[in-house]
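Have the structure open as you read.

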Amino acid sequence: MTADLLIFDLDGTLADSERDLADSVNATRAWRGLEPLPIETVASYVGSGAPVLIKRTFPEASDADLARLLRYFLDYYREHMLDATVLYPGVKEALDRLHEAHVPMAVLTNKPVRFSMKLIEGLGLEMHFFRVYGGNSFEEKKPHPRGIDLLVAESGAERSRTVMVGDSAVDVRTARNANVKACGVSWGFQPETFLDAPPDFIIDDMRELVDLVGQALSPAIRL
């Protein structure tokens, strides 16, 4: 595999944020006097941005009520997003090696961009990415290709040598819409959705991506 640009999803791909997201959702439900949802249920709602997460959590709520619930959720999550969130095994080592080899990397997530930056900084990854785009960076969220289109333009990468890495069908469809390669990860929130949208390849550890990219690099920067 060759790569001029690696674009990563955040939640479920780099960061195991499942517990903090579920706790924030359930704190919002408790605020309304409702029973908590299982963590697996909340994880299945993640991937299309916070407004969609809250809509799926409270399907009977009115638009006005959803706005209030979303504000409560975001305020709570802002204070608790790093309570239990950690990087998946192998991610830091892989990103360190790619960064040392000067492989251009970016994050494209549907999480609000300020939350994404706070999370990335809290996990010690702020120096690894030349750009971070979130769900409110543009009018359109993934799977719209706008984020990838802009990252390709900013980096000067060839589309044929650009890879979107993620844990769900949303990431695969984003890659397809932008005409770039899709790498699925077998961990995360929704890898089962690859049945509906198969990626070009799937890795079981982020260090596998390093090996794949490293084989294509010049000897001077071989990983």
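Start with the holes: the structure holds two cavities of 30 Å³ or more. A cavity here is a set of points, on a 1 Å grid over the protein atoms alone, where a 1.4 Å probe fits but cannot get out, and lining residues have an atom within 4 Å of a point. Grid points are joined across faces, edges and corners, and a volume is the space filled by probe spheres set on the points. The largest cavity has about 270 Å³ of space. Of the 24 residues lining the largest cavity, D11, V46, G47, G49 and K111 are the closest to its centre. Elements giving two or more residues to that lining are α3, α4 and α8, and α4 gives the most, with three.

A word on what you're looking at. This is a predicted model, where local features need pLDDT of at least 70 and side-chain atom pairs count only at pLDDT 80 or more, while totals for chains, interfaces and linings use all residues. Residues are numbered from 1 along each chain as its sequence is written, and side-chain values use heavy atoms, leaving out hydrogens and water.

Now for the sheet. Six strands form an open sheet, in the order β5-β4-β1-β6-β7-β8, with parallel pairing. At the edges stand β5 (131–133) and β8 (201–203), each with a single partner strand, so one side of each has no neighbour in the sheet. Strands are DSSP runs of E with at least two residues, helices are runs of H or I with at least four, and both are numbered from the N terminus; two strands pair if DSSP finds at least two bridges between them. Take β6 (residues 162–166) and β7 (residues 181–185), which pair in the parallel sense over four bridges. There, V165 stands opposite C183 in β7.

Helix α8 (residues 169–178) packs on this sheet, touching β4 (105–108), β6 and β7; contact means heavy atoms within 4.5 Å. Just after α8, N179 takes a positive phi of about 60°.

Finally, look at α1, where the buried residues include D20, L21 and R29. Covering the buried residues of α1 are, among others, α2 (39–45), α3 (50–57) and α4 (63–80). Just after α1 comes G33, with a positive phi of about 75°.

Definitions and conventions. Axes fitted to C-alpha atoms, helices over the stretch in contact; angles between N-to-C directions. Buried < 20%, exposed > 50% of the residue type's maximum accessible area, 1.4 Å probe, protein only. 1 Å grid on protein atoms, 1.4 Å probe; cavity = no way out; pocket = protein on both sides within 12 Å on 5 of 7 lines; lining within 4 Å.
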